[in-house]
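Dear colleague,

I am passing a structure on to you, and below it I have set out what was found when its atoms were examined. Please look through it with the sequence at hand before reading on.

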Amino acid sequence: MISKEDVSQIAELCKLSFDDVENDGFIKEFEKVLNLVENIKEADTSDIEPTYQVNQYKDPFIGDEVEESLPQKEVLKNTVEEKYGYFKILKVVD
Amino acid sequence: MRYKTIIGLEIHVELMTDTKIFCNCTNEFGGEANSHCCPVCLGLPGAIPRLNKRVLEYAIKAGTAFNTHISNHIKMDRKNYFYADLTKGFQTSQNEIPICSEGYIEIELEEGTKKVHLQRIHIEEDTGKSIHTENDETLLDYNRAGVPLIEIVSKPEMNSAEEARLFLENLRATLKYIEVSDCKMEEGSLRCDVNINVVDSETGQKTRISEIKNLNSFRSVVKSIEYEEERHIDLLKKGENTDKETRRWDEVKAETVLMRGKAGASDYRFAVEGDIPPFILEDTFINEIQNNMPELPHEKKERFISQYDLSSYDAGVLTQSRDLAAFFEDTVKNINDTKLVSNWIMGDVLRRLNEEDLEIDSLKFGAKALADLISLVKDGKINNNTGKKVLRDMFDTGKDPNTIVKEQGLIQISDEGELEGMIDTVLDENEQSIIDFKNGKDRAVGFLIGQIMKKSRGKANPQVVNKLLLEKLKER
Ligand SMILES: [Zn+2]
């Protein structure tokens with residue numbers, strides 16, 4: 001079972017806040033997802049190695065060779081605000 | 001000692017690869033903001049990272065130098081957290097299987113050698129850089145996003161600020177020796193977090209761990225440990241405790257300041273990095289690196305002791321950096337007198353460099369020039385004091401010592417006839433000193449030698465002057 005506190009804690013980690021009505025909505029949605037996972041858990045996987053990836057590259061590496069980066073203008077193209085070539089956002093201090 | 005301090009260190013080191021860890025953008029420090037970026041390091045949708053193999057090479061080199069176990073199973077994980085300097089909302093790192101585990105670094109204490117064990121070394125990407133302005137803005141530059149890092153985590157086995165400093169010095173020297181990082185703390189290529197708490201050995205009480213983040217000089221590591229040590233002991237004395245919390249060092253106030261307490265603790269929800277498939281590294285790749293390790297600081301020190309017949313202390317100083325050790329060896333190649341060379345380098349050369357806070361590679365003259373200077377002194381062409389003066393000129397102008405000696409007419413006067421003339425003049429001018437000498441005042445000799453040296457403008461051969469003066473004094 002998922003509690004109201006669980007939802008608030010997850011919201012906090014995501015730096016989001018919700019009112020009570022929204023919170024209750026999430027409880028129902030989370031439960032649906034968790035129930036699905038419960039179903040999957042019923043499968044017996046005791047003898048099965050975990051699979052992280054199905055596409056095996058033969059050579060997963062890049063060489064240590066510099067190639068041209070994007071022009072600064074291109075990098076900043078989609079941002080709402082920029083200043084002196086930086087992305088500008090409201091002040092956030094960790 | 002009633003209170004025992006327990007210190008563990010986490011060190012982030014930027015690697016000197018040419019490119020970033022998952023893309024071909026340059027790994028050059030600085031540059032115009034957001035000019036070293038591409039879809040991969042900006043975390044744009046659909047961009048697929050691929051690992052730079054040299055990052056593995058450098059991590060294995062470091063792991064080998066620090067005696068760790070190397071894993072041939074490479075797997076990357078996503079460390080999730082929300083912060084604007086992370087473009088993707090997660091940092092690609094290694095959680096479950098670090099590339100290096102266990103291992104140790106040795107530090108020399110008065111009571112002997114201490115092994116400080118390592119927990120792990122793993123590879124990960126650096127984050128972007130944020131600048132907070134006065135106008136409530138945060139400005140973001142992602143040139144550093146995706147710069148390759150190794151994170152070195154020690155076990156909590158250090159017990160004083162001094163031990164932590166020695167650990168870091170050994171770590172930095174080694175990483176520079178094996179050329180995986182320039183370890184420039186002022187440019188952030190070596191950054192240190194400290195975990196510290198204190199145990200009361202009488203009551204068994206202990207404080208909770210404080211983590212001091214992002215220290216960027218050895219001095220601030222030492223100062224912040226000393227500060228926290230005292231804070232924790234005071235708490236224990238009062239029967240109080242501290243929360244497990246994160247703090248930062250305030251250089252101006254010289255104190256640590258709370259950043260976030262327990263409530264803000266992160267939950268990183270590690271997940272497998274699906275874009276980089278786990279793989280097994282060939283043994284040949286690892287063996288090749290391990291069989292071609294450069295000489296490490298302690299190995300070079302041992303070799304210096306046996307090959308050049310130096311004391312352990314002298315060998316330690318001369319091998320503290322690879323460049324300094326190379327300078328010593330190059331000088332010895334040009335003048336085969338290791339004792340003289342080590343005296344000159346450890347004396348006047350290092351003193352001047354320390355005074356000006358410079359490294360050996362900023363000298364304006366080379367090893368050959370220093371060897372020439374030492375030869376001039378050794379062969380008696382100039383005396384020792386003149387040699388020091390010529391060295392000062394070499395520091396300032398980078399001129400060749402033979403040129404300086406010629407230009408300034410500094411060749412030592414050893415000719416007895418010429419010196420006798422000077423000595424007679426000085427004696428004639430200083431009757432009282434002769435009387436003092438006859439009355440057994442030895443200081444008079446020193447004074448007279450000083451006067452003669454002055455008359456020769458510092459060029460007289462002091463040994464010859466000494467001998468002639470004593471003869472003349474007896475005659476008078
Ligand atoms: Zn890039």
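**Charges over rings**

In this structure, which is a predicted model, B:Lys53 lies over the face of B:Phe285, at 4.6 Å from the ring centre. A second case is found with B:Lys115, whose charged end sits over the ring of B:Tyr104, 4.3 Å from the centre of that ring.

**The zinc site**

Chain B also supplies the ligands of the zinc ion, which is coordinated by the SG atoms of B:Cys23, B:Cys25, B:Cys38 and B:Cys41, at 2.3 to 2.4 Å. Along the chain, these donors follow the spacing C-x1-C-x12-C-x2-C. Because the 4 donor atoms subtend angles of 99 to 114 degrees around the zinc ion, their arrangement is tetrahedral, given that four donors count as such if all angles lie between 85 and 135 degrees. B:Cys25 and B:Cys41 both lie in the loop between strand E1 (3–14) and strand E2 (51–52) of chain B, so the pair ties together parts that are 16 residues apart in sequence. Both B:Cys25 and B:Cys41 are buried.

**Aromatic pairs**

Over all chains, the structure holds 11 aromatic pairs, and one of them is formed by A:Phe26 and A:Phe30, whose ring centres are 5.9 Å apart and whose planes stand at 35 degrees, so that the pair is tilted.

In chain B, the rings of B:Phe304 and B:Tyr308 have their centres 5.1 Å apart and their planes at 90 degrees, which means that the pair is edge-to-face. About one helical turn separates B:Phe304 from B:Tyr308, because they are 4 residues apart in helix H5 (residues 297–308) of chain B. B:Phe304 counts as buried, at 0% relative accessibility, and B:Tyr308 is buried as well, with a relative accessible area of 9%, the cut-off for buried being under 20%.

Returning to chain A, ring pairs link A:Phe26 and A:Phe30 with A:Phe18 into a cluster.

With kind regards

Definitions and conventions. Residues are numbered from 1 along each chain as its sequence is written. Chains are lettered from A and ligands numbered from 1 in the order in which they are written. This is a predicted model: local features need pLDDT of at least 70, side-chain atom pairs count only at pLDDT 80 or more; totals for chains, interfaces and linings use all residues. Side-chain values use heavy atoms; hydrogens and water are left out. Donors are N, O and S atoms within 2.8 Å of the metal (3.2 Å for Na, K and Ca); water is not among the atoms, so sites may look incomplete. Four donors count as tetrahedral if all angles lie between 85 and 135 degrees; four count as square planar and six as octahedral if opposite donors are over 155 degrees apart and all others between 65 and 115; anything else is irregular. Helices (H or I, at least four residues) and strands (E, at least two) are DSSP runs, numbered from the N terminus. Buried means under 20% relative accessible area, exposed over 50%, partly exposed in between (1.4 Å probe, protein chains only). Rings of Phe, Tyr and Trp (its six-membered ring) pair if their centres lie within 6.5 Å; planes under 30 degrees apart count as stacked, over 60 as edge-to-face and the rest as tilted. A charge sits over a ring if NZ of Lys or CZ of Arg is within 6 Å of the ring centre and within 35 degrees of the ring normal.
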